[in-house]
Amino acid sequence: MTQRHITAEDLYRFQIVGDPQVSPDGQRIAYVVKAIDRETNAYRTSIWLAPSAGGLGAAQPFTSDGRSPRWSPDGTRLAFVSDRAGTLPAPEGDEGAGKRDKRLGKGKPQIWVIATQGGEARQVTFAEQGAGSPVWSPDGTRILFTADVGDFPEVPEHDGKPEPRVHRIKDLIYRFNGAGYIYQSRSHLFVVPAEGGAARQLTDGDWNDGDAAWSPDGRQIAFSTDRHADRWRSMHGQIWLMEADGSNQHPLLAEDDFNYFEPSWSPDGQQIACFGHAQFGSGGHADLFVVRPGASPRNLTEHATIEFGDSVGSDMRNDHADGTPRWAPDGQSLFLVGEARGATNVVRLTLDGTLRDITSGQHHLVGFSVDRAANTFALAVADTQQPGDIFVHWADSGDTVRLTDVNHDILGELRLSTPEEFTFTGAQGWEIEGWILRPADFDASKDYPLILEIHGGPETAYGYTFVHEFQLLAAQGYVVVYSNPRGSTGYGREFTQAVRGIWGQADYEDMMAAVDAVIARGSIDTARLGVTGGSYGGIMTNWIVGHTDRFKAAVTQRSISNLASFFGTSDVGSWYSINHWGGPPWQTPERHAFHSPLTYVEQIKTPLLIIHSEQDWRCPISEAEQLFAALKWLRRDTEFLRFDGSDHDLSRNGHPRLRLDRLNAIQEWFTRYIPTGPTSDDAHAHNGVTNGDGELADLEPVSSHI
């Protein structure tokens with residue numbers, strides 16, 4: 001079969017697997033498959049079942065329009081979340097069908113239960129704003145879940161059309177990217193009989209509760225909450241306990257400016273494990289704590305050199321592996337997601353702090369679960385050549401077997417590129433890791449254009465996962481370079497924290513060192529360099545083109561240009577200002593100005609495409625507007641793409657057609673200014689400012705008093 005290059009349109013053909021859930025006895029694995037319905041441009045999810053010992057090809061579809069499958073303790077039922085239409089009771093009194101439908105959450109995600117031997121699914125929740133996060137009680141009779149409560153006024157209409165409304169805002173934190181306005185709702189915990197019936201609300205108040213976990217005897221519930229007094233100004237969580245009926249709610253871990261989350265009970269019910277980190281200064285590096293009620297927590301990982309959780313980014317999915325700690329049956333160790341040097345795996349942590357790998361390899365673990373005996377591990381794993389499949393790993397034998405090949409047909413058609421890992425010396429002599437993705441038909445005797453890709457965060461990472469955008473650019477004839485400069489996760493606490501307060505300084509030097517290291521390897525046309533990135537990567541793209549002219553074209557995505565305005569417009573802007581710049585912009589104006597790309601806008605000569613989403617509340621579109629207006633005023637070469645109905649996660653889970661438009665826009669901009677394909681001409685002119693020796697020299701910043 002003749003293979004071809006990947007295209008943007010191939011987005012419609014990929015299937016994405018995730019959330020693998022192994023049955024308590026280890027015999028079966030439920031997992032979710034997400035695909036795009038091209039006719040409707042909508043995402044469709046379904047739940048599949050695979051026998052863990054069945055091998056490749058034994059998986060079967062189980063139920064459509066479902067996600068978040070969770071096994072009952074006896075393995076006879078699955079609870080799941082679905083938006084499907086259910087059968088609602090008749091309206092009560094004279095309320096009318098419309099009011100009935102609203103009260104019972106018609107069209108909202110609800111929790112359903114289905115027998116695993118077959119039969120019809122049964123809707124068990126009727127929450128007005130929908131329900132999620134089902135958790136079975138140990139005896140299988142009840143299901144814990146979360147639901148939003150609050151005052152949800154009806155949108156006024158006239159002649160069937162919605163009219164404008166007023167939002168009365170009283171708190172600093174009142175909206176969130178992807179969720180919209182949150183000031184009028186709070187997330188709380190409920191319990192419902194597994195066979196159906198009236199749900200009971202367990203928590204209530206002007207705060208949010210979630211991450212619920214039953215004690216092994218079913219008598220208590222541990223949960224995360226933001227019940228601290230400063231909750232609408234500073235985001236951090238606490239761990240509380242309550243009786244199963246909602247009584248006796250009290251704190252277990254509740255420290256000022258410290259964030260605890262994802263509690264998990266030990267098998268004997270005597271200890272609770274959870275993650276935690278300081279609200280400020282941690283760089284998002286979480287540690288694993290174990291605590292006995294009434295005692296102080298023990299940090300088991302303060303000397304660990306890996307990260308816990310999954311921060312590896314991809315444009316194929318927005319979800320990450322559920323990193324909630326899972327206890328081994330003997331209560332002497334826990335299973336976690338460990339991230340190191342661009343790879344994620346399952347690791348085992350003993351109570352004395354010893355770590356060892358359960359799985360290993362250069363891949364991206366995007367989901368896992370373990371059976372009751374801690375022998376059968378269900379894994380969803382992606383790598384650089386495929387977006388993800390389901391595997392099973394047996395601890396007793398050490399064997400790992402692939403159970404699915406969901407993208408067999410499309411991958412069989414494509415000639416993909418394989419990245420090459422390399423290390424280089426960054427600022428201050430630090431070793432930095434990166435990858436080179438060359439065109440599939442790369443010829444080392446010729447020179448190629450180069451595109452530098454920069455990840456967001458900054459506390460995230462690139463790694464061993466499939467990225468459509470990278471493969472697409474390589475297929476167009478570009479050498480794609482991506483790296484994990486200081487601030488990235490997976491390299492230890494010091495490395496992650498090293499970016500705080502220095503955006504545009506040592507991190508910028510790391511990024512330029514990556515480009516120089518690849519150029520030094522040969523086969524790069526230094527007159528054809530491009531750069532792009534999103535979020536923090538967009539900030540650094542803006543910074544780079546304001547400090548050097550060596551790049552021929554740039555694409556900045558969901559970026560920030562002005563840190564002072566970012567403080568007041570972003571859903572997390574105030575937190576970033578305190579954490580990185582030591583205070584709000586009126587207290588540290590010099591720091592905010594120095595690290596803002598807009599300060600250097602007059603130095604931007606590189607043709608710049610600005611991509612932003614209208615409903616991006618993480619990096620609000622006003623940041624793009626300021627940059628675009630300034631560049632247009634200066635008569636610079638720039639264009640602005642505004643994506644309707646999209647938020648900060650457009651590239652990962654936005655409207656499929658808009659995701660396609662975004663990919664096409666990126667490659668069109670680069671091909672407009674940077675000719676693709678190799679050249680054998682050795683006489684290449686540098687694209688950039690040169691010093692007296694003809695070497696590339698960076699432009700000086702406008703201000704250097706920080």
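Predicted model: local features only at pLDDT ≥ 70, side-chain atom pairs only at ≥ 80, totals over all residues.
Visitor: What makes β6 and β7 a pair?

Guide: Two strands pair if there are at least two bridges between them. Strand β6 (residues 77-82) and strand β7 (residues 110-115) are joined by 6 bridges, so by that cut-off they count as paired.

Visitor: What makes β31 mostly covered?

Guide: Buried means under 20% relative accessible area, and 7 of the 8 residues in strand β31 (residues 376-383) are buried.

Visitor: How do you know that β31 pairs with both β30 and β32?

Guide: Count the bridges again. Strand β30 (residues 364-370) has 6 bridges to β31, and β31 has 7 to strand β32 (residues 386-394). The cut-off is at least two, so both count as pairs. β30 and β31 run antiparallel, as do β31 and β32. Leu379 is a handy place to look: Phe368 stands opposite Leu379 in β31, and Leu379 stands opposite Phe391 in β32.

Visitor: How many residues sit between the strands in the hairpin of β30 and β31?

Guide: There are 5, and Ala374 in that hairpin takes a positive phi near 60°. The hairpin from β31 to β32 goes through 2 residues.

Visitor: Why are α5 and α6 called roughly perpendicular?

Guide: Their axes cross at roughly 80°. The label covers 65 to 115 degrees, so α5 and α6 are roughly perpendicular to each other. Helix α5 spans residues 506-520, helix α6 spans residues 536-545, and the axes come within 11 Å.

Visitor: What makes the contact between α5 and α6?

Guide: From α5 come Asp507, Tyr508, Met511 and Met512, and from α6 come Tyr536, Met540, Trp543 and Ile544. They divide into 7 nonpolar, no polar and 1 charged. Asp counts as charged, while Tyr, Met, Trp and Ile count as nonpolar.

Visitor: Which residues touch the most other members of the largest nonpolar core?

Guide: Leu452, Ile544 and Phe670, out of 81 residues. α5 gives the most to this core, with 9 residues. Apart from it lies another core of 17 residues, including Ile16, Ile410, Leu411 and Ala475.

Visitor: What is Phe670 in contact with, beyond four places in sequence?

Guide: Contact means heavy atoms within 4.5 Å. Among the partners of Phe670 are Ile451, Leu473, Tyr478, Val531 and Ala553.

Note on methods
Residues numbered from 1 in each chain as written. Heavy atoms only, no water. Helix = DSSP H or I, 4+ residues; strand = E, 2+ residues; numbered from the N terminus. Axes fitted to C-alpha atoms, helices over the stretch in contact; angles between N-to-C directions. Parallel < 35°, antiparallel > 145°, perpendicular 65-115°, else oblique. Core = buried A, V, L, I, M, F, W, Y, C linked by side-chain atoms within 4.5 Å. Buried < 20%, exposed > 50% of the residue type's maximum accessible area, 1.4 Å probe, protein only.
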